[in-house]
Amino acid sequence: MDWNLILFITKWATIGLFYAVLLLLLFGVYREMSQNPHKVTPVKPVPNGRLRVISAGDDGHLRQGSVLDISADNRLGADKDNDILLRDSYVSRRHARLRWDRANWWVEDLNSKNGTMVDRHRCTPGVPYPLTVGSILSIGDMSFELIDQDTGYADGASKTGCLTTGGRHSPDLDWVLCPGRLFFG
């Protein structure tokens, strides 16, 4: 028998076997995909969050009850380069960072002089602290409530919001009342 014929047959048999295995793999993948369609889970969109002003401190540009729209990443402070400009005398130039991580809101104190508080708990500078809908964020002499983006209310149904009698460093402050919570100043 001629060696050229044996090599010729072996070469074409190997190529045919390779394509047969490839065809079987493609057929198996097609069958699997058609039987179990891959369900795409939508990624949670970046919300257009909101902060309701509870106490505006000595910032004449904000009023109690007004609502600030926030994006996925916000810098808050007295410097004009911040995303949210706060003109209170107790607010540092770069006071805090508020961000959304596609699951939760987080606030981080940026080594401010007077600190940042969430629900009357002081945030450790440089350490992100979680915020939930209805949380009270205190920056300097100002207080804000994180509200639901769709309804505009802290609990998604309540229309009462928060009541206050002043600011943290103000002699007028006696208390801040939110549904289910009372904070003394």
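Helices (H or I, at least four residues) and strands (E, at least two) are DSSP runs, numbered from the N terminus. What you have open is a predicted model, where local features need pLDDT of at least 70, side-chain atom pairs count only at pLDDT 80 or more, and totals for chains, interfaces and linings use all residues. Residues are numbered from 1 along each chain as its sequence is written, and side-chain values use heavy atoms, with hydrogens and water left out.

**Stop 1: helix H1**

Select residues 3-35, which make up helix H1, and show Phe-8 and Trp-12: they sit 4 residues apart, about one helical turn. Aromatic pairs here are rings of Phe, Tyr and Trp (its six-membered ring) with centres within 6.5 Å; planes under 30 degrees apart are stacked, over 60 edge-to-face, and the rest tilted. The structure has 3 such pairs. Phe-8 and Trp-12 make one of them, with ring centres 6.3 Å apart and planes at 65°, so call it edge-to-face.

How open are these side chains? Buried means under 20% relative accessible area, exposed over 50%, and partly exposed in between (1.4 Å probe, protein chains only). Phe-8 is partly exposed at 48%, and Trp-12 is partly exposed at 46%. Next, pick Phe-18 and Tyr-19: their centres lie 5.5 Å apart with planes at 75°, so this pair is edge-to-face. Phe-18 and Tyr-19 are both exposed.

**Stop 2: the salt bridges**

A salt bridge here is a side-chain nitrogen of Lys or Arg within 4 Å of a carboxyl oxygen of Asp or Glu. How many are there by this rule? The count is 3.

- Show Arg-50 and Asp-69, whose side chains meet at 3.3 Å, N to O. Arg-50 belongs to strand E1 (residues 49-55) and Asp-69 to strand E2 (residues 67-70), 19 residues apart. Arg-50 is partly exposed at 28%, while Asp-69 is exposed at 56%.
- Move to Glu-145 and Arg-52, bridged at 2.9 Å, N to O. Glu-145 is in strand E11 (residues 142-147) and Arg-52 in strand E1, so the bridge ties together parts 93 residues apart in sequence. Glu-145 is buried at 0% relative accessibility, and Arg-52 is buried at 10%.
- Finish with Arg-97 and Asp-73, again a salt bridge, at 2.9 Å, N to O. Arg-97 lies in strand E5 (residues 96-100) and Asp-73 in strand E3 (residues 73-77), 24 residues apart. Arg-97 is partly exposed at 28%, and Asp-73 is partly exposed at 38%.

**Stop 3: the nonpolar core**

A nonpolar core is a set of buried Ala, Val, Leu, Ile, Met, Phe, Trp, Tyr and Cys residues joined through side-chain atoms within 4.5 Å. Which members of the largest one touch the most others? Select Leu-51, Leu-62, Leu-86, Leu-98, Val-107 and Phe-144, out of 23 residues. E1, E2, E5, strand E6 (105-109), strand E10 (136-139) and E11 each give two or more residues to this core.

Now centre on Phe-144. Leaving aside neighbours within four places in sequence, its contacts (heavy atoms within 4.5 Å) include Leu-51, Leu-62, Leu-86 and Ile-136.

**Stop 4**

Switch to cartoon. Two strands pair if DSSP finds at least two bridges between them. 5 strands form an open sheet of mixed pairing, ordered E4-E3-E5-E6-E9. At the edges are strand E4 (84-85) and strand E9 (129-131), each pairing on one side only. E5 and E6 run antiparallel, joined by 5 bridges.
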